[in-house]
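Me: Hi! I've got a new model open and would like to walk through it with you. Could you help me read it?

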Amino acid sequence: MALTDIAWEAFYELDPVAKSRHLNQDDGRPFHTLMTQQFDRAALDTLGELATRVRFLAKTKEGMAFLSDLLPHRRAMLYFTQPSTRTFLSFCSACEILGMRIGTVRNTATSSELKGETKDDSVRTFSSYFDCVIMRTQVGGLAERMAWVLSNSERPVPIINAGSGKDQHPTQALLDVYTLQRSFEARGGIDGKTVVFVGDLLRGRTVRSLSALLTNYEGVRQVFIAPPQLQVADDVLAILDAHSVDYRLGDTLESVVPEADAIYMTRVQDEWDAEAGESAKIDIERFWFREAYLSQLKSDAVIMHPLPRRHEIPAAIDNDPRAMYWRQMRNGMWIRAALIATIFGCDGEINAFDEA
Ligand code: NCD
């Protein structure tokens with residue numbers, strides 16, 4: 001099923017699993033990448049292995065020359081109208097690793113949207129010049145809309161959602177899972193682990209994407225630690241219920257530290273406050289990871305964060321071997337290169353080169 005088979009209104013009303021059926025290519029590879037429901041266990045394993053191959057190939061001049069010869073005939077548009085450091089730069093780097101050229105719009109004040117051009121027309125413009133659109137936006141549902149518009153245009157190029165509103169941030173979840181795969185490689189993988197999410201779980205799109213993606217693993221327990229006002233949304237829990245996931249909600253971080261295999265910290269997303277200063281009234285310091293907790297944390301657990309951080313992780317613990325957030329960030333470049341290579345069908349070539 002493709003996006004050409006369904007009217008926009010009907011597509012928009014579907015749940016994520018039903019939507020995801022319209023987004024992949026016939027062979028199961030993503031065409032548009034909008035949500036984590038598009039990825040099953042096999043796809044995650046394959047993508048992680050490909051990211052590792054890219055990572056190793058990129059270490060040598062010969063390997064890098066090979067990679068950068070894969071997609072010199074493809075151009076990527078980075079349409080990032082919401083602030084971004086890591087996602088933007090890692091996508092730029094991923095494209096460059098594969099030899100793609102890139103164009104960017106980072107501010108609608110400098111594009112024709114200021115003249116009143118609709119977003120539908122803007123994205124059709126991008127597709128005239130580029131072969132894929134990587135986009136970040138604060139407008140919920142916009143990545144889906146653009147994917148539908150492009151699929152129904154004469155130049156249906158893929159959209160990669162690099163964060164849309166409070167909905168989803170699928171490539172962040174892919175890099176998070178890749179980080180977990182690597183961290184637990186010698187401990188039986190991700191199955192059976194306990195992942196603790198902490199902070200603003202209501203408005204953090206990385207949490208929505210990762211929580212759903214983890215349902216692909218057996219026996220993963222999910223614990224959500226947040227102030228009541230920022231506790232995880234019902235749609236996230238409905239997905240866990242549908243998969244019979246063992247999960248728990250709480251509001252004390254310290255007591256769950258000893259049982260965690262991964263602690264996923266997040267910042268307060270106060271850009272979504274309905275009233276300025278609303279989040280500042282919440283006693284968030286109780287949800288900061290204290291240096292003192294390190295002694296209660298398992299020796300092989302990992303501390304993650306999508307970044308940027310504020311005060312929820314003290315810099316003093318950055319050099320602890322369990323502090324994974326800097327490596328997690330770098331993993332983003334490899335998994336995004338692997339994803340783009342997969343979308344454009346050059347994953348086979350990468351695997352073959354490695355065997356030569
Ligand atoms: C996240 C995002 O944009 O949702 N950042 C990122 O991409 N690493 C998390 C955040 O902004 O807090």
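Reply: Happy to. One definition first: two strands pair if DSSP finds at least two bridges between them. Keep in mind, too, that this is a predicted model.

Me: Good. How many bridges join β1 to β3, and which way do they run?

Reply: Five bridges join β1 (residues 75–80) to β3 (residues 132–137), and the two strands run parallel. Within that pair, M77 has V133 of β3 as its bridge partner.

Me: What's the strand order in the sheet?

Reply: The order is β2-β1-β3-β4, an open sheet of four strands with parallel pairing.

Me: And which strands stand at the edges?

Reply: β2 (101–105) and β4 (159–164) do. Each has a single partner strand, so one side of each is left without a neighbour in the sheet. As for the twist, it averages 15° from one strand to the next.

Me: Which strands does α6 lie across?

Reply: Helix α6 (residues 119–129) lies across β1, β2, β3 and β4, and runs at about 155° to β1. Helix α7 (residues 142–151) packs on the sheet as well, where it touches β1, β3 and β4. The direction of α7 makes about 165° with that of β4.

Me: Switching to helix pairs: how do α3 and α11 cross?

Reply: The axes of α3 (residues 41–57) and α11 (residues 325–343) come within 8 Å and cross at roughly 110°. Angles of 65 to 115 degrees count as roughly perpendicular, and α3 and α11 are therefore roughly perpendicular to each other. Their crossing is right-handed.

Me: Which residues meet there?

Reply: From α3 you have L47, G48, L50, A51, V54 and R55. They meet W334, I335, A337, A338, L339, A341 and T342 in α11. The residues of this contact divide into ten nonpolar, two polar and one charged.

Me: New topic, T179. Where is it, and is it buried or exposed?

Reply: T179 is in helix α8 (residues 170–183). With a relative accessible area of 1%, T179 is buried, because the cut-off for buried is under 20%.

Me: What is T179 in contact with, leaving aside its neighbours within four places in sequence?

Reply: T179 is in contact with M304, M324, Q328 and N331, with those sequence neighbours left aside.

Me: Last one: how many residues of α9 are buried?

Reply: Nine of the nine residues in α9 (residues 205–213) are buried. Among them are R205 and R208, along with V207, L210 and L213.

Conventions. Residues are numbered from 1 along each chain as its sequence is written. This is a predicted model: local features need pLDDT of at least 70, side-chain atom pairs count only at pLDDT 80 or more; totals for chains, interfaces and linings use all residues. Side-chain values use heavy atoms; hydrogens and water are left out. Buried means under 20% relative accessible area, exposed over 50%, partly exposed in between (1.4 Å probe, protein chains only). Contact means heavy atoms within 4.5 Å. Axes are lines fitted to C-alpha atoms, for helices over the stretch in contact, and angles run from 0 to 180 degrees between N-to-C directions. Angles under 35 degrees count as roughly parallel, over 145 as roughly antiparallel, 65 to 115 as roughly perpendicular and the rest as oblique. A crossing is left-handed if the near helix is turned anticlockwise from the far one by less than a right angle, and right-handed if clockwise. Ala, Val, Leu, Ile, Met, Phe, Trp, Tyr, Cys and Pro count as nonpolar, Asp, Glu, Lys and Arg as charged, and the others, Gly among them, as polar.
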